[in-house]
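Me: I am new to this structure and would like a close look at a single part of it. Please take me through that part slowly.

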Amino acid sequence: MYQRETTIRNESGLHARPASEFVQCAGQFQSEIYISQVGSQTQANAKSIIMLLTLALSKGTAVRIAASGPDEREAVDQLVALIDSGFSE
Amino acid sequence: MKRYRGIGASQGIAVGPVHLYCPGKVETGRIFVGQTAKGQLARYEEIKAAAREELTRLQAQCAQSAPEQANIFAAHCDLLADVVMGQEITQLVHSGQAMLDQAIEQIYNKYAAMMDSVGDPMFQERARDIEDVRDRLLRLCAGQTDGGMGLEGPCILAARDLLPSDTAALDRDKILAIVTEVGGQTSHSAIIARSYGIPALLGVGPFLSELHEGQTVAVDACEGELLADGQEEQWAQYRQRAQAFALRAEQTAAYLERPAITQDGVRVSVTLNIADPRDEELALAPYVDGVGLFRTEFLFLGRAELPDEEEQTGVYRKVLSAFGDKPVILRTLDIGGDKQADCLKLPKEDNPFLGKRALRLCFDRPDVFRTQLRAALRASTAGNLWLMLPMVGSMDDIRRAKTFLRQVQEELDGEGTPYSHDVKLGIMVEIPSIALLAEQAAEEVDFASIGSNDLCQYLMAADRLNGEVSAYYQSMNPALFRLIGMVVDAFSRRGKPVSLCGELGGDPQAAVVLAGLGLRKLSMGGDAVPRIKERLCGIRMDQAQAAARQVCRLDTASAVEAYLRHTFSPNGQ
């Protein structure tokens, strides 16, 4: 398993379009990918828009992305980069 | 002629042929009888592909005409591709616990219910989207293609309810009006109808089975009526009324750009009530005299983490700069009562409207209050900020809040952080105790705004959200007008501005009385601005003052309503 932490920096958080982009990006990888708020036990399947929305991740929230599978490193790095890009907001 | 009553959710009148839109409800549990799990799962993939094709087509259709609506279809594509729901459905079919259609229904319903249970409007919208996609999949299971609405010419669209995808794809040039069996003022159909300016009558109850396709009907959303089985002369009358309404609506709309000046030359400021500021609202800035109520709760709702100082400063700046020199009254956090925020982890109260709400909560959570005050002050350099405290019940509340503000100002001074030193501090008058002490309060603060919704509920002891006591929540009761008059006098005598920012301010009849009581600033939602300006431009101040005196002498709300209707109804209607 490979994991990294980052902080959500775009205004609207992981809702609406950014959430959609995030899930679509996660869906390109074979690995199992989970996202959670740092310090929280609740984690969500990063390929599921519904599970992601229920985490209600807003701007300023520290998140952990963890993946396990053949492309785990690439998956986590790309998703972290996407969050860090601020979803061009 | 047959009459059905409903809720006029978007004003207007229309006559024309009815189109009955009845997308069949698919009965689950019969379609896949005798089919193997493997066969059903292969079918599931085909159905998802077909659904995606439909959604992509709808999205492309909308992209030009209604780009915001097009997003709904993109969101539906995401739901369709949701892996968790997909896996659970596959699992149910694979293990033989359910057939494909049953599995889709069960899993989609489960997640829709989960979204509903959050109790946040944003999540409730997602629940409706999930149900919408569920129905699309079930229809495809049954082998029915998307017939669309089958609209040919202009018609009155009648349905049990409209799904988000129905309204998003709505061809607004072909729809004269919308009538539904379910729904109300805040339902999705109502919001879309208002934004398109299409008359809508909702919550009519069962009527579809009593009409036939293409028959002439009339919808009078102003009177809340659907009419069927009429004679040609009757339809002619409704056509005339529809034209007259359209003409009146056009005349009223023209008032948006004018200032509200009575016929004898008294100017009344008209300001906006806003929350999460939408671009259309900010675009009204040139036509109004500022913001009379900027609700800040939206920053705190539907999220797990508190908004930080930077985020708040950014949002406040955006609103302040949009209005330039015009005052923006920013109300500090009013959470509690009917509004709950997950990020504050509030305990459940038996009587939340009388509980630890708004300012009381801020005193208890100095971190939250200070952050908001700091953000507001930092944003103050972008415009003309007036800070307003909600739920003030006593002079102690005012003095305590002032201490907070002073501390925050000293903190900013110490850091050398810039802020405007002209920020005014005022109170919302919504608890009767502070209304009765208005003279003392006016000495202590720079301005007041009367929150008529809560003032009415606390004065009449009637929960404004409890339908059982709505008859006791009387916003036209003379007692409320008397109390408002006292507050206005106390502040005006001391040269302190006083305004009103409840529903009452957007009601043309009440606006006359409020102007007569001495209010020179009324705040309301953007849609009410033209009609209030039109009304104020059409009266003389001495008439308004006479009306205010008369209203305060009357003894019941119904007497007040009858008097105002008789004296000020437009065009003698």
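Which residues of H12(B) are buried?

Reply: This is a predicted model, in which local features need pLDDT of at least 70 and side-chain atom pairs count only at pLDDT 80 or more, while totals for chains, interfaces and linings use all residues. Residues are numbered from 1 along each chain as its sequence is written, chains are lettered from A and ligands numbered from 1 in the order in which they are written, and side-chain values use heavy atoms, with hydrogens and water left out.

The buried residues of H12(B) are Val368(B), Phe369(B), Gln372(B), Leu373(B), Arg374(B), Ala375(B), Ala376(B), Leu377(B), Arg378(B) and Ala379(B), where buried means under 20% relative accessible area, with a 1.4 Å probe and protein chains only. The helix is thus mostly covered, with ten of its 14 residues buried. Helices here are DSSP runs of H or I with at least four residues, and strands are runs of E with at least two, numbered from the N terminus.

Helix H12 of chain B covers residues 366-379 and reaches 20 Å from its first C-alpha to its last, close to the 20 Å expected at 1.5 Å a residue; that expected span is 1.5 Å times one less than the number of residues.

What covers its buried residues includes H10, strand S12 (327-331), helix H11 (359-364), strand S13 (384-389) and helix H13 (395-415) of chain B, with contact meaning heavy atoms within 4.5 Å.

Within H10 (residues 309-323) of chain B is Glu311(B), which is buried, with a relative accessible area of 6%. Leaving aside neighbours within four places in sequence, Glu311(B) is in contact with Glu11(A), Lys59(A), Leu299(B) and Arg303(B).

Definitions and conventions: Buried < 20%, exposed > 50% of the residue type's maximum accessible area, 1.4 Å probe, protein only.
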